[in-house]
Amino acid sequence: MSGPDVVLILDRLAAVYGQGAYPGRSPEGLSPAWPCDPFHVLIATILSQRTKDDNTRKASDTLFARFGTVQTLAAADPAEVAGLIRPAGFPQQKAKAIVACCSELCTRFGGRVPPATEELVTLPMVGRKTAACVRSYAMGLPSVCVDTHVQRIANLMGLVHTAKPEETEQALMAITPKERWSDINRYLVRHGQLTCLPRHPHCERCAVRDLCAYGREHGDDRSGPPAR
Ligand code: SF4
């Protein structure tokens with residue numbers, strides 16, 4: 001049996017969330033004060049690991065106000081960077097990675113963020129999710145960025161049946177036209193923040209309930225879905 005129609009789901013979510021989640025818009029952790037370019041998106045996405053968007057925005061605002069380029073961050077003292085990014089959590093670990101990352105961008109890539117996933121994932125604290133976020137939001141390259149919202153909602157909908165983000169990425173790429181890959185993160189993140197909340201999804205007002213495996217079977221169950 002075939003699964004839900006992913007294109008129809010994306011079209012419906014686009015109609016609901018519209019410009020709030022469309023190209024040229026920064027990922028949720030980067031405030032609009034900063035350009036949606038590869039450098040800012042890369043650093044903000046590293047900061048966003050294991051924290052909330054609000055914390056990422058606070059940390060990136062302070063950091064970019066002090067260090068606004070790859071070169072200045074590459075030469076920064078990790079201890080000072082750690083002090084600036086404290087709201088994002090794990091400040092020492094993230095500061096060390098950010099300075100090392102910028103240093104590698106300078107020495108190996110001429111101060112630019114490379115576009116290839118295979119190169120991006122060689123940088124400190126850059127995995128496939130971060131690479132896909134940079135590629136899709138800052139470079140306009142089709143990529144499926146699987147964060148916690150995408151992992152959870154794609155499984156609830158029945159689009160995929162996967163336990164790991166890497167499996168989800170592959171499965172979503174296989175069922176989605178390439179030109180829509182980047183829409184998956186844009187719309188499912190927005191959907192996860194506003195409607196399909198982790199503990200209590202609002203199936204009663206969801207635009208894709210008829211296409212969603214969980215919503216059709218358990219949408220009226222107030223106990224909520226199992227944690228993922
Ligand atoms: S029907 Fe419910 S579980 Fe399915 S996507 Fe909508 S809010 Fe989420």
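**Entry 1: secondary structure**

I looked up the secondary structure of the predicted model and found 12 helices and zero strands in the chain. Read from the N terminus, I recorded the order of elements as α-α-α-α-α-α-α-α-α-α-α-α.

**Entry 2: overall dimensions**

I next examined the extent of the chain. The C-alpha trace spans about 55 × 30 × 30 Å along its principal axes. I compared the radius of gyration with the expectation for a compact globule: with 228 residues that value would be near 17 Å, and the chain has 18 Å, which agrees. I noted that buried residues account for 42% of the 228 residues. Of the contacts with a separation of 6 or more, 59% join residues 24 or more positions apart.

**Entry 3: helix α10**

Which residues of α10 are buried? In this helix, residues 165-175, I found T168, E169 and L172 to be buried. Viewed down the axis of α10, the buried residues fall within an arc of 100°, so they line one face of the helix. The general rule bears on this: an α-helix has 3.6 residues a turn, so residues three or four places apart point the same way. I then asked what the buried residues of α10 pack against. Their partners are α8 (128-139), α9 (148-157) and α11 (181-194).

**Entry 4: the pair α9 and α10**

I took up one of these partners, α9, in detail. Two packed helices are described by the angle between their axes and the distance between the axes. For α9 and α10 the axes come within 10 Å and cross at roughly 60°. I recorded the crossing of the two helices as left-handed. At the contact, V150, Q151 and A154 of α9 meet P165, T168 and L172 of α10.

**Entry 5: backbone angles in two loops**

I finally looked up phi values. Most residues other than glycine have a negative phi. F90 is not a glycine, yet its phi is positive, about 50°. I located F90 in the loop between α5 (78-84) and α6 (91-109). Is F90 buried, exposed or partly exposed? F90 is partly exposed, with 17 other C-beta atoms within 10 Å, whereas a buried residue would need 20 or more.

M125, likewise not a glycine, has a positive phi of about 60°. M125 lies in the loop between α7 (117-120) and α8. I counted 18 other C-beta atoms within 10 Å of M125, which means that M125 is partly exposed.

Definitions and conventions
Residues are numbered from 1 along each chain as its sequence is written. This is a predicted model: local features need pLDDT of at least 70, side-chain atom pairs count only at pLDDT 80 or more; totals for chains, interfaces and linings use all residues. A residue is buried if 20 or more other C-beta atoms lie within 10 Å of its own, exposed if 12 or fewer, and partly exposed in between; C-beta atoms are placed from the backbone. Helices (H or I, at least four residues) and strands (E, at least two) are DSSP runs, numbered from the N terminus. The arc is that of the directions from the helix axis to the C-beta atoms. Two residues are in contact if their C-beta atoms, placed from the backbone, lie within 7 Å. The radius of gyration is taken over C-alpha atoms; the globule rule is 2.2 Å times the number of residues to the power 0.38. Axes are lines fitted to C-alpha atoms, for helices over the stretch in contact, and angles run from 0 to 180 degrees between N-to-C directions. A crossing is left-handed if the near helix is turned anticlockwise from the far one by less than a right angle, and right-handed if clockwise.
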